[in-house]
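Hi there,

Here is the structure I promised to pass on to you.

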Amino acid sequence: MIRKTVATKSSICHQISYLWRNCKNLRTLKQIHARMIVESFNSDRSALKELIYAAAIAIHNTIDYAHQLFDRISEPDLFMWNTMLRGSAQSCRPQLTVSLYSRMEKLFVRPDHYTFPFVLKACTRLSWINVGCAIHGKVTRHGFECNKFARNALIYFHANCGEIGVASMLFDASARRDIVAWSALTAGYARRGNLEMARWLFDEMPVKDLVSWNVMITGYVKQLEMECARELFNLVPKRDVVTWNAMISGYVLSGEHRKALEMYEEMSTAGECPDEVTMLSLLSACAKLGSLDIGEKIHFSIRKMGEGVLGIFLGNALIDMYAKCGNIEKALDVFRCMREKDATSWNSIIVGLAFSGYMNESISVFEDMRKKKFRPNEITFVGVLIACSHAGKVNEGRAYFNLMKDAYNIQPNVKHYGCMVDLFGRAGLLNEAFEFIDTMEFEPNAIIWRTLLGACRIHCNVELGRLANEKLLKLRRDESGDYVLLSNIYASNGEWSGAENVRKMMDETGVKKERGFSLVDEEKNEFLGFLLGSDHRAIARENAC
């Protein structure tokens, strides 16, 4: 327990207060906590409140440390309880809020009107409808239903995951004077896809604040109605980073990656500073476009933003971007420089190395992951099996597949089976590949049969190729490449009649072989598209950033 001591001098108090202003990470937080203990300042209620506030709310990703501190305070006051509830509700583990409130009830700590909004926020994030409805009952029992903070939280909860009818009932005459209530109900209808009702509420708002504009724009973005979102965006009186992020992420989600980068240029011109969410969306756009040069510029901006410290989410996004853009060396540099890593960090570099042709390095990183006691997951083993397949390491691939099942209790899914079929197929073990498919606990999909058909083409096995194609045609009959592979298997063995029959089958089913498509990088950062077999004129031109 944190012991009680005599209050320290005011000079120490001022020193501690100064330190809080420079507390930006867990390391600094621990240093300040240690200073408080050394100076016998660890029982001062004011200092403890600041300590809990910093750990739970002010500093990112320190909620677990906040709970460790809180558990050692003998008699926390209501402010501390509410601070912990608030921090837990907005953290990556909102379920802690509900368990903390349950503990609060068992200790007969009486809540106030600030308590319940934090618990309801957690229930909304978790979509815990039953728990949220129970909390609604407690709000009523404690007499807070008419309090605007509790009422708005109830409207937001019911609008987003509870009963929209209840949210509308709570939106009574008194709530209609509160812009937060308008935004909460609008957000609920937008989240449920009822944009017509959301837009009606938005248009009826007596006063629109920036939150209201952002709610409506985000509603359009989530339904990928980017034209409507852009129209509204152009009308916003004053934008903030959330407004810009909504548009940038919307363009990324809708596959309009160049527009996302163009929006970022507008954002920079307008003088708006990006945040971590902005950069995550931009890195995703660069990864999809394969735009290494822009990705490197964004990396430079991230360095300036973070003062040299790279967080897990941005680090993972950078690894993914560099790997997909073909610069695996920089992906490795980012991975090695990350102070903290999670499973996604390891998965990104393992898969990136495997697809970039560094199969042995991919397997080596996986072994390093195991040595450092990080638990691999389904995606990790997909990356390892791809590495084994591309390196021709059949025995190692078998061993890792069994390790996944036996040591980590991970049930193989269709991707793992597909990797194993590819492993056997590349090695020419076609019979073993067929036998392996027979052991699957679910029906193989078209990708598995297509993988095996491709292996039969490489190893010129007509009999097994015909069998794989029969299985494939039962699942789909409209992919020209399936027919072409079988036709090529016949042709490579000199069985021209078989190849001709496949071509006739394509004609009878109306399947047309797709023309090849090429992109040629031209001056002024433009791409020219050509169809092979056409008159070689540019048929498409798309501006790049």
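Below are my notes on confidence and on two helix pairs.

A word of orientation: this is a predicted model. The chain has a mean pLDDT of 84, and 82% of its residues reach 70 or more. Helix α15 (residues 241-253) has the highest confidence, at 97, whereas strand β3 (residues 540-543) has the lowest, at a mean of 44. Two stretches call for some care. Residues 1-16 have a pLDDT below 50, with 23 contacts in the model beyond near neighbours in sequence. Residues 531-545 also stay under 50, and the model has 36 contacts for them beyond four places in sequence. Where pLDDT is low, the predicted coordinates should not be read in detail.

Now to the helices. Helix α13 (residues 210-222) packs with α15 at an angle of about 5 degrees, their axes being 9 Å apart. Because of that angle, α13 is roughly parallel to α15. On the α13 side the contact uses L210, N214, I217, T218 and V221, while α15 brings V242, T243, A246, M247, S249 and G250. Sorted by class, this contact holds 6 nonpolar, 5 polar and no charged residues.

The other pair is helix α19 (residues 312-324) with helix α21 (residues 343-355): their axes lie 9 Å apart, at an angle of about 5 degrees. So α19 is roughly parallel to α21. Here I312, N316, I319 and A323 of α19 meet T344, S345, S348, I349 and G352 of α21. The classes in this contact are 4 nonpolar, 5 polar and no charged residues.

How values were computed: Residues numbered from 1 in each chain as written. Predicted model: local features only at pLDDT ≥ 70, side-chain atom pairs only at ≥ 80, totals over all residues. Heavy atoms only, no water. Axes fitted to C-alpha atoms, helices over the stretch in contact; angles between N-to-C directions. Helix = DSSP H or I, 4+ residues; strand = E, 2+ residues; numbered from the N terminus. Parallel < 35°, antiparallel > 145°, perpendicular 65-115°, else oblique. Contact = heavy atoms within 4.5 Å. Nonpolar A, V, L, I, M, F, W, Y, C, P; charged D, E, K, R; others polar. pLDDT = per-residue confidence, 0-100.
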